[in-house]
Amino acid sequence: MTGTSDDTKLERGNRAAKKKGRRIGIGLLAAALCLGPLAALAQTQIYDARTKKWVNYDKKKARQYYARNNQLPEAFRRQVVPFRTAEKPGTIIIDGNQHFLYLVQPGGQAIRYGIGVGREGFGWAGIVRVGRTAEWPTWTPPAEMVARDANAAKWAAGMPGGPDNPLGARALYLYEGDQDTIYRIHGTVEPWTIGLDVSSGCIRMNNDDVVDLHSRIEIGAKVIVLMQGAALYKGV
């Protein structure tokens with residue numbers, strides 16, 4: 001009898017642990033805190049057509065490239081690509097490791113956008129949804145950012161939308177159920193940072209791309225954020 005009781009308790013404990021495990025990646029999002037050090041992320045690289053080699057792409061080189069060309073490297077420009085997935089059209093899949101956001105399309109294709117993602121310690125993964133969107137959104141930094149960043153502190157009550165606003169031209173607010181996770185997919189006033197690990201967990205896009213994505217997406221759209229430092233989900 002005692003053994004049966006212990007087995008029942010163990011089974012209940014396992015169910016609770018599994019439920020907690022499913023939610024932990026997103027449950028921490030609402031706090032908008034650093035999720036702790038991750039494994040070192042691979043250095044971003046781009047293909048140099050002139051030398052026919054892959055070269056490291058860091059903040060300094062990104063700024064120089066954008067200043068010379070007034071656009072991003074080809075890999076991070078918006079384009080339609082072949083894409084195999086079981087997810088339905090309209091789903092957003094974010095591969096932070098490669099700095100790409102995919103909007104699933106019919107016929108085994110996706111629109112691929114370049115993105116900037118969370119720097120080491122600010123990455124995250126999970127399945128959320130687009131809870132709402134905004135044009136030229138107000139930026140309100142979370143309390144944790146206000147506490148550590150003097151520039152953010154002066155906008156603790158909210159920075160009006162506009163060309164200098166760090167959320168850029170559009171924002172897609174990511175929710176878990178009915179709860180705002182505090183994370184967003186948004187534009188940026190620093191387009192040269194696309195392709196880099198630069199943010200505090202949000203997904204940034206250049207303004208033209210986030211306007212395009214905003215025009216295509218529906219409220220409630222599923223958003224899958226893949227773990228940085230890991231392979232794509234099986235079947236994607």
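Buried means under 20% relative accessible area, exposed means over 50%, and partly exposed is the range in between, with a 1.4 Å probe and protein chains only. The model is predicted, so local features need pLDDT of at least 70 and side-chain atom pairs count only at pLDDT 80 or more, while totals for chains, interfaces and linings use all residues. Residues are numbered from 1 along each chain as its sequence is written, and side-chain values use heavy atoms, with hydrogens and water left out.

**Stop 1: the charged network**

Select Arg216, which counts as partly exposed at 43% relative accessibility. Its side chain forms a salt bridge (a side-chain nitrogen of Lys or Arg within 4 Å of a carboxyl oxygen of Asp or Glu) with Asp212, and the closest N and O atoms are 2.8 Å apart. Both residues lie in helix 5, four residues apart, or about one turn of the helix. Helices here are DSSP runs of H or I with at least four residues, strands are runs of E with at least two, and both are numbered from the N terminus.

Asp212 counts as buried at 14% relative accessibility, whereas Arg78, at 40%, counts as partly exposed.

Next, select Asp209. Its salt bridge with Arg78 is 2.6 Å from N to O. This pair also links distant parts of the chain, 131 residues apart, with Asp209 in helix 5 (residues 207-216) and Arg78 between helix 2 (59-69) and strand 3 (79-82). Asp209 is buried, with a relative accessible area of 4%. Shared partners join Arg78, Asp209, Asp212 and Arg216 into one network. The structure holds eight salt bridges.

**Stop 2: strand 8 and its partners**

Select strand 8 (residues 126-135) and strand 13 (residues 222-225), which run antiparallel and are joined by four bridges. Two strands pair if DSSP finds at least two bridges between them. To find one of these bridges, pick Arg129, whose partner in strand 13 is Lys222.

Now show strand 9 (residues 170-176), which pairs with strand 8 in the antiparallel sense over six bridges. Ala134 has Ala171 as its bridge partner in strand 9.

**Stop 3: the largest pocket**

A pocket is defined on a 1 Å grid over the protein atoms alone, as an open set of points where a 1.4 Å probe fits, with protein on both sides within 12 Å along at least five of seven lines; lining residues have an atom within 4 Å of a point. Select Trp139, Met145, Pro166, Ser200 and Arg204, the closest to its centre of the 32 lining residues. Strand 10 gives the most to this lining, with four residues. By class, the lining of the largest pocket has 17 nonpolar, seven polar and eight charged residues.

**Stop 4: the second largest pocket**

The second largest pocket holds about 460 Å³ of space. Select Ile46, Tyr47, Asp48, Val55 and Tyr65, which are the closest to its centre among 17 lining residues. Helix 2 supplies the largest share of this lining, four residues.

How values were computed:
Ala, Val, Leu, Ile, Met, Phe, Trp, Tyr, Cys and Pro count as nonpolar, Asp, Glu, Lys and Arg as charged, and the others, Gly among them, as polar. Grid points are joined across faces, edges and corners, and a volume is the space filled by probe spheres set on the points.
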